[in-house]
Amino acid sequence: MAGQRLVNSIEKGIVIDHIQAGMGIKLFRYLNLDKAGFTVVMIMNAASKRMGRKDIIKIQDITDLDYTVIGLIDHRATISVIDGGKIIAKKPLTLPSTVQNVLYCKNPRCVTATEKQMPHIFRLQNAGERIYKCAYCEEYVNGFEL
Amino acid sequence: MKSLINTLDFSVKEQDELLALANRMAASPKDYNELLKGRIMASLFFEPSTRTRLSFESAMLRLGGRVIGFSDGSLSSTAKGESLSDTIRMVSHYADCIVIRHSKEGAAQVAQTHASVPVINAGDGGREHPTQTLTDLMTILKVKNRLDNLTVGCVGDLKFGRTVHSLVKNIGRYPGVRFLFVSPGELRIPAFLRTYLDELRIPYEESSHMEAALGLMDVLYMTRVQRERFFNEEEYIRLKDMFILNSQKLENAGKELAILHPLPRVNEIAYDVDDDPRAVYFDQAGYGVFARMALLAWLLDGKELG
Ligand SMILES: [Zn+2]
């Protein structure tokens with residue numbers, strides 16, 4: 001299977017696999033990989049037995065990432081940490097309890113609407129429905145809106 | 001360093017001590033008139049609110065302290081483009097505490113993040129107004145002699161009325177408190193408050209008939225039903241009289257009822273109620289000064305508590 005071969009081909013780094021097709025590019029952006037100084041490979045629409053089509057991101061030589069944002073964007077993705085060509089750890093994905101500058105408050109009455117330098121902070125309110133609450137105005141945002 | 005940003009920032013125990021201090025201050029204000037001598041309160045009213053500002057300033061002056069600040073955001077440096085956080089950092093060097101009123105939701109929290117002195121939220125948009133709640137609680141305590149085992153009726157606009165939301169969240173923490181919510185169907189309590197009450201198993205009932213509910217209440221908290229909350233004029237005219245309190249409706253109410261209102265009133269309480277001994281809304285404004293005195297004393301001079 002093509003996806004499997006690519007996972008194995010990395011010597012050291014991180015593989016984010018089973019990303020819902022089309023979400024890979026979003027994840028790429030939220031992880032700031034467009035500004036990365038290391039080797040990153042993104043595969044779109046790879047064949048997958050389980051999913052039909054999927055996206056994969058491979059990051060070479062890096063073994064530490066901000067995993068929280070991945071959970072928010074696609075909590076069904078899988079993360080494998082690779083070293084010496086072997087998977088040394090699988091990172092479980094959960095919804096982050098707090099996110100900063102990932103979700104943005106759109107409430108025009110919120111203080112973040114005028115205080116432009118303030119970070120947008122959201123706290124998880126309801127994991128089942130992926131509801132987050134603005135730390136300032138308590139406006140609800142659905143994590144699926146990302 | 002303590003601040004008061006949200007109505008639930010103080011535990012029930014802390015709040016009880018604070019209200020007890022407010023009571024001692026009300027009983028003999030002279031004993032406290034030099035307590036905060038030499039201290040400065042910054043009163044930053046980015047949004048005008050004469051009543052709240054005067055209450056805070058009176059409280060600080062009665063404690064022997066002094067006040068700096070502004071009463072209108074258009075005169076402040078933020079009107080020239082300075083950020084709220086920069087203003088707060090600067091004022092932290094000018095004063096021993098900051099009282100902030102702002103039209104944006106969450107502004108008081110931003111202020112607290114950047115302040116190096118205690119911050120008091122004097123109202124941030126439609127969200128919180130915790131010193132109004134302290135005022136309401138002190139009034140209830142004064143009149144009923146307790147905050148537990150009360151049936152609290154809330155009448156009027158329960159959807160947008162932030163004073164109601166804060167009071168309900170706060171007094172709901174005391175044992176034996178239950179609520180009767182009386183409002184037009186369009187202005188029922190919002191979902192977040194319903195969730196809060198359900199999770200804490202605080203009992204409440206909802207209806208749209210004031211007269212029937214009045215007889216069951218120990219405390220009646222009146223709020224205004226505003227014209228702009230309705231889609232059409234006919235609906236407003238049909239409903240507004242149902243939520244106006246007058247002496248005739250009060251015939252069904254208990255003799256010990258305490259009638260509160262955050263003021264200003266427009267027409268939701270008829271003038272013929274003012275002379276009823278159960279009407280305490282004008283005393284309420286007076287208690288607000290003592291509640292704020294206790295708060296200032298506590299935040300600036302923690303020794304006074306307990
Ligand atoms: Zn917000």
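My entries below go from the domains to one strand.

**Entry 1: the domains.** I kept in mind that this is a predicted model. I looked up how chain B is divided and found domain 1 (12-128 + 288-304) and domain 2 (131-284). Their C-alpha centres lie 27 Å apart.

**Entry 2: where the domains touch.** I asked how many residues of domain 1 of chain B are in contact with domain 2 of chain B. I noted 13 residues of domain 1, in contact with 12 residues of domain 2. Next I looked up which elements give two or more residues to the domain 1 side, and wrote down α1 (12-27), β4 (119-124) and α10 (281-300) of chain B. The largest share, 5 residues, comes from α10(B). I also sorted the residues on this side of domain 1 by kind: 8 are nonpolar, 2 polar and 3 charged.

**Entry 3: strand β5.** Then I turned to strand β5 (residues 151-155) of chain B.

**Entry 4: the partners of β5.** I followed β5(B) to strand β6 (residues 178-182) of chain B, and the two pair in the parallel sense over 5 bridges. Here B:T151 stands opposite B:R178. With helix α6 (residues 162-171) of chain B, these two strands make a right-handed β-α-β unit. I also found strand β8 (residues 219-222) of chain B, which runs parallel to β5(B) and is joined to it by 4 bridges. In β8(B), B:Y221 is the bridge partner of B:C154.

Note on methods: Residues numbered from 1 in each chain as written. Chains lettered and ligands numbered in written order. Predicted model: local features only at pLDDT ≥ 70, side-chain atom pairs only at ≥ 80, totals over all residues. Domains from an automatic or database assignment. Contact = placed C-beta atoms within 7 Å. Nonpolar A, V, L, I, M, F, W, Y, C, P; charged D, E, K, R; others polar. Buried ≥ 20, exposed ≤ 12 C-beta atoms within 10 Å, placed from the backbone. Pairing = 2+ DSSP bridges. Right-handed = clockwise from strand over helix to strand, strands pointing away.
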